[in-house]
Each structure stands twice: as structure tokens, then as C-alpha cells.
Amino acid sequence: MASVKLTKVKKIYDNKVVAVHDFDLDIHDKEFVVFVGPSGCGKSTTLRMIAGLEEISEGTVEIDGEVVNDLQPKDRGIAMVFQNYALYPHMTVYDNIAFSLRLKKVPEDVVYEKVTNAAEILGITEYLMRKPRALSGGQRQRVAIGRAMVRDSKVFLMDEPLSNLDAKLRNQMRAEIILLRQKLDTTFIYVTHDQTEAMTLGDRIVIMKDGYIMQVGTPTEVFEMPSNLFVAEFIGAPKMNVVKTNLVREGDEYFVTPFGAKLPVKGEKGRMLLEKNIPSGEILLGVRPEHIVLAKEGENAIACSLVVNEMMGSELHLHVNTTDGTGLIVRVPTIDLDAQGRNALVGGHDLHITFEGKAMHFFDPATEKNLLV
Amino acid sequence: MNEKRHMGLRTLNRVSNTSIYVILTIISVIWLLPFVFITLQSFRVESTYQVGYVIPKQWGLQNYINLWNSDFKRWYINTFIIALASAVLITIIQLCMSYTLSRFRFKMRGPLMRFMLILGMFPGMLTMIILYRVLSDLGLTQANAVPGLILVGVASSGMGYYVSKGFFDTIPKSLDEAARVDGATRFQVLCKIILPLSKPIVIYTILTAFMGPWGDFVFARYVAFGTSAGYNVAVGMYSWLTNDQIARMYTTFCAGGVIVAVPVTILFLCLQKYYVEGVTGGAVKG
């Protein structure tokens with residue numbers, strides 16, 4: 001059990017490329033923090049610096065209050081699960097899990113107890129005498145987790161542990177990691193490029209881009225109040241619709257005017273705009289596909305034509321073009337439509353959409369920052 | 001129509017396979033003939049000089065007994081010591097070098113590798129004279145040729161890093177990292193993770209390191225420089241082929257040839273599977 005503190009951590013490679021810029025983060029004891037971002041954003045590099053597998057160019061990493069910059073990985077009290085499992089191919093599952101304990105010269109009866117205990121929790125007891133090549137991807141990942149579990153480490157590091165699994169198994173393993181977290185009750189740092197994993201697993205999410213932290217927050221915070229356009233578009237699937245439009249202030253009321261419509265910004269968002277005294281002007285307006293609804297023709301509705309209708313089972317993803325050719329995505333729960341309505345939604349079909357003020361996100365077109373944060 | 005074509009293909013395959021096997025059989029017979037010839041001559045006891053027939057008229061082990069009573073024993077031990085010591089030391093140095101170049105990133109790593117590769121392209125014979133001077137100054141020539149030859153063989157062995165480095169490169173680095181997180185030192189990573197996964201390349205390295213000194217002639221002759229106590233088998237046996245000795249020693253020479261071939265043949269027969277994997281394969285499959 002331990003806290004992890006990163007202060008102004010920087011990674012500069014020999015070719016002068018800066019992979020991580022001034023990374024500041026406080027991870028609390030027993031917290032589950034997820035680093036998420038696109039490829040090359042520095043999330044794995046940061047994790048590897050915490051693990052001691054990558055040298056820290058500047059700044060400090062503290063685990064449980066102790067600066068660990070110059071400590072070997074084995075002395076940092078961490079355990080790590082790798083993306084490609086990194087199981088030792090010449091050893092049985094039992095030997096793989098027991099490896100770290102035997103290096104520490106733990107008595108063999110204790111090793112046996114710990115290994116069988118971990119295997120039982122992970123449901124791999126029957127595979128203990130097999131070599132890794134005789135296991136499926138999911139089983140291999142469980143062994144990798146088991147190997148990390150027996151080390152009784154202060155911090156559990158996971159580097160894209162589910163990326164090599166197929167979609168179905170990934171969902172199953174995700175649930176198992178949540179259960180495992182409850183059982184182990186330790187600090188977790190988890191790296192992924194999959195925002196669904198980040199949202200479902202993390203107590204807090206660290207969203208990264210080009211070596212910079214874009215936002216740190218709970219899944220609800222980053223979803224509902226993204227601090228900038230990058231976070232807004234990265235979190236959520238399908239990604240947020242963003243259009244350039246005008247914000248108009250009339251007295252104490254605000255309106256947005258996308259595609260010739262005039263939509264009022266009411267409620268909490270309107271009040272926040274007023275509090276911040278945001279002037280009229282051009283903005284980037286973001287609306288999530290699930291917050292757009294089909295509407296009847298009128299002043300508050302945007303006319304568009306349907307291009308593609310993707311049937312996802314529980315919902316439809318409607319790719320629509322507005323009158324000026326801008327593409328938007330609308331997510332409609334299938335349960336909201338009767339069979340007739342569903343059948344009518346074919347390519348070329350004209351429809352109207354609208355959205356409420358509480359669904360709107362406002363970004364500065366120059367800085368791309370959220371105007372309300 | 002299809003069936004006819006199918007039959008035609010099958011016949012064509014059979015003909016081509018048969019001709020390939022016939023050619024291979026002829027080649028292997030030609031290749032084996034000298035070995036069979038030498039082995040048969042080594043059991044000929046009716047005369048000791050070269051004769052115009054292959055099958056001995058009288059069979060016996062006299063030539064092997066002669067061998068035992070000659071300097072051959074000394075030469076054989078010399079060769080064995082040189083080959084064994086070289087094999088052990090070269091293997092250790094070469095594998096450590098390969099692991100370092102495969103896993104560590106340090107300044108001048110690339111230039112160093114290229115430099116060694118280019119240096120390795122020059123024939124070793126070019127250094128013969130200066131090496132002899134150095135060995136002579138160190139007192140490692142003639143009767144002391146054995147340690148001298150070991151030193152020469154081992155000294156430049158790190159330069160043969162590329163085959164094993166290529167093999168180590170196929171082992172994912174995450175295995176090293178996982179082991180390091182698990183508490184292993186770099187040396188433990190090499191011994192407990194990398195080497196067990198690299199059996200074929202370790203065996204390949206041992207075999208090639210053993211074979212070089214085992215069959216060495218030119219350099220060994222040069223360093224021993226006429227002192228029988230410093231000869232290896234190749235140099236020693238060559239001394240039997242002089243005009244005044246050959247008539248007396250020819251069949252003994254053949255017996256020596258057989259004895260020299262025995263350990264190498266056994267080694268290859270036992271380890272050929274790994275040898276082929278070492279040259280052709282990667283480490284981690286599936």
C-alpha cells in the first residue's frame with residue numbers, strides 16, 4: 001500500500017526528443033489511476049519511469065514518500081504486468097509465478113502456498129504445470145497477473161494488459177481486474193489507449209497528449225467537463241461532434257446558432273456562461289452523439305440528411321450531413337424508435353435534430369480550452 | 001481431363017524426387033569415400049606404406065597401438081586442452097558480448113559493432129607475424145604453445161558476436177524487464193532467462209569455438225615452431241608425412257585421422273538438432 005508522487009518528471013531521449021514534459025501527479029494510497037492517450041503520448045514511458053525500466057531525465061518519483069529515481073526496479077516495491085505478458089517461455093506456469101519468490105530465497109513451502117493461492121484466485125490452478133505456449137491469451141494474462149500478485153508489492157503497474165486480447169475476452173478480463181483490485185486493495189497505475197477501459201477501471205484518469213497531461217479527473221469529470229477539445233474528443237465513443245458557430249448573448253440569455261438554427265443555452269450551462277461573463281463571439285461547440293435527439297422541424301431544429309445508418313443493436317449510429325455538408329453523428333437508442341421509424345432511416349432520408357443547453361460544451365477556437373473550466 | 005493432369009503431376013513429382021535422391025546419394029558416396037578409405041587403411045597391418053588397394057589383406061589394431069606408443073598421445077591432449085579451454089572461454093566471452101550489444105544502449109555502440117565487423121573481414125593470418133612476436137616475448141611459443149594458442153583464440157573472440165546477438169535480438173526485451181522487476185540482476189537475467197532460451201545458439205557457439213582450434217594447422221605449426229611438445233594433432237601428424245617417415249607411418253597416420261574425427265563426429269551427432277536451430281531459428285515461438 002503506498003502513494004506515488006511524480007514531480008516535474010521529464011523524459012528526454014538521447015536524440016533530444018522529449019517524450020514526457022514536466023509530469024506532476026499525486027496518486028493516493030489504494031487509488032486506481034489510469035493513464036490514457038493515443039500512441040506516442042508518453043503514457044507507457046511515464047509508467048516505465050515509475051517502474052525503473054526507463055531512466056528519469058529530470059524531476060523525481062516518490063513511492064511511499066521515498067525518492068526512487070536511483071533505485072533498481074526490484075527495490076521499488078512495484079509489480080508490473082506487461083502488454084505481451086512477458087512470461088518466461090521455458091518455465092511452467094508454477095515456476096513463472098514462483099520466480100520472484102525464489103530469487104528472494106523464500107522457503108519452498110511458502111512459495112507453494114503463495115503460488116497456489118494466487119492461482120486459485122485467478123482460476124489457473126489446473127494449468128500450473130503447463131508451459132505458457134500451451135495457454136490461451138486470457139490464461140497467459142492471468143499468469144502474468146499472478147506473477148505480479150505474489151510479490152506483495154506496494155504499487156501494481158499494468159502496461160496495456162488487455163490490448164492483445166480479443167474484444168470479448170477483453171470485457172471479461174476488465175471485470176476481473178475490477179474484482180482483483182477489490183481483493184488486492186492496493187495502488188494501481190494502469191496504462192491503456194482504450195478510453196472505455198480508462199472510464200470503467202479508473203478512480204481517476206490522466207489523459208495525455210504529446211507528453212503533456214491534458215486533464216486529470218474522475219471518469220465523470222473528464223466526460224462531463226472536459227478541460228479542452230482534445231479530451232472532449234478523446235473520451236466518449238463515437239467521439240464528440242464539434243462545429244464552429246457563434247455564441248450570442250442577449251441580455252442574460254445565451255444562444256448558439258449552428259447551421260442557421262437558434263438554440264437557447266438554458267440551465268446550469270447558461271448560468272455558468274453568465275457567471276464567467278463570456279461575451280458573444282465565435283466558439284467551437286461540442287455535443288456528444290448520445291445527447292443529440294431527433295426532432296420536428298422548427299426554429300430549434302437543424303435540418304440534415306442521413307448518410308449512413310449503423311445498427312449497433314441497442315442503438316443506431318446515424319451519420320448525417322447538415323445543409324452545409326458538415327458531418328455529424330447521432331446516437332439513437334433503438335428502443336426510442338418503433339419498427340416503422342427505424343425502417344424509414346435509410347440513406348438520403350431527411351430529418352431534423354436538436355440538443356439541449358446542458359449537452360453543450362463551449363471551447364475557445366484559438367486555445368481549444370473549455371470556456372467554462 | 002483433370003484426373004489425367006493430376007496423374008501427370010504425380011508422375012512428374014515422383015520422377016523429380018527420385019532424380020534428386022539419386023544425385024544426393026551419389027554426392028554422399030563421393031563425400032564419404034575418403035573417410036571409408038582412411039578407416040580401412042587404419043586397420044591394415046600387412047604393410048605400413050601406401051598401397052594400390054583399399055580393402056586390407058590383413059586386419060588388426062597394430063596402427064592404433066603404434067599411435068598409443070608415439071607422441072600422438074601428447075598432441076591429442078594438447079589439442080583437447082586448447083579446444084576445450086577455447087570453447088569454454090570463447091563461449092563465455094562471446095555470449096556476454098552478444099548480450100551486451102543486444103540489450104544495452106551506450107555511446108559508440110553502433111560504431112563499435114561496425115568496427116568489429118569490418119575488422120573481422122581481414123584474414124587472421126595477416127596478424128601472424130606480430131602475434132608470434134608477442135607470444136614469443138611472453139614465452140608462449142614452442143613448448144608453451146598450448147596456452148599461447150588458447151590466448152590467441154580467446155583474445156579476439158568477442159568479435160564473433162553477430163550470430164548470437166542476432167539470436168538474442170529475437171528474445172523480447174520485456175522478458176528481461178519482467179525478470180528485473182521480479183528481482184533479478186542483469187547477470188541473473190542472462191543466466192536464468194536468456195541462456196535457457198538460447199540453447200541452440202549456446203551449443204552452436206561451443207561447437208564452432210571447439211572446432212576452430214581442433215582443426216587448426218597453420219597457426220599451431222607456426223607457434224609450436226618445430227617443438228614436438230607444443231604440437232597439436234594436425235601439426236604432429238603432418239610431421240609423419242615427410243619423405244623419410246611416410247613409408248613407416250602412413251597407416252598409423254590413417255589411424256590418427258580416425259581418432260581425431262571421433263570426438264567431433266560424436267559432438268555433431270548429438271548436437272546437430274541444436275546446431276541447425278542455432279543458425280536458422282529464433283528463440284521464442286508461439
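**Exercise 1.** Work out how strands E16 and E19 of chain A pair, and over how many bridges.

*Solution.* Start with the strands: E16 covers residues 302-311 of chain A and E19 covers residues 350-354 of chain A. Strands here (E, at least two residues) and helices (H or I, at least four) are DSSP runs, numbered from the N terminus. Next, the pairing: E16 and E19 run antiparallel, joined over four bridges (strands pair if DSSP finds at least two bridges between them). For a spot to look at, A:Ser305 sits opposite A:Asp350 in E19(A).

A note on the source: this is a predicted model, where local features need pLDDT of at least 70, side-chain atom pairs count only at pLDDT 80 or more, and totals for chains, interfaces and linings use all residues. Residues are numbered from 1 along each chain as its sequence is written, with chains lettered from A and ligands numbered from 1 in the order in which they are written.

**Exercise 2.** Describe how helices H4 and H5 of chain A cross.

*Solution.* Take H4 (137-149) and H5 (167-184) of chain A: their axes come within 11 Å and cross at roughly 15° (axes are lines fitted to C-alpha atoms over the stretch in contact, with angles from 0 to 180 degrees between N-to-C directions). That makes H4(A) roughly parallel to H5(A) (angles under 35 degrees).

How values were computed. Angles under 35 degrees count as roughly parallel, over 145 as roughly antiparallel, 65 to 115 as roughly perpendicular and the rest as oblique.
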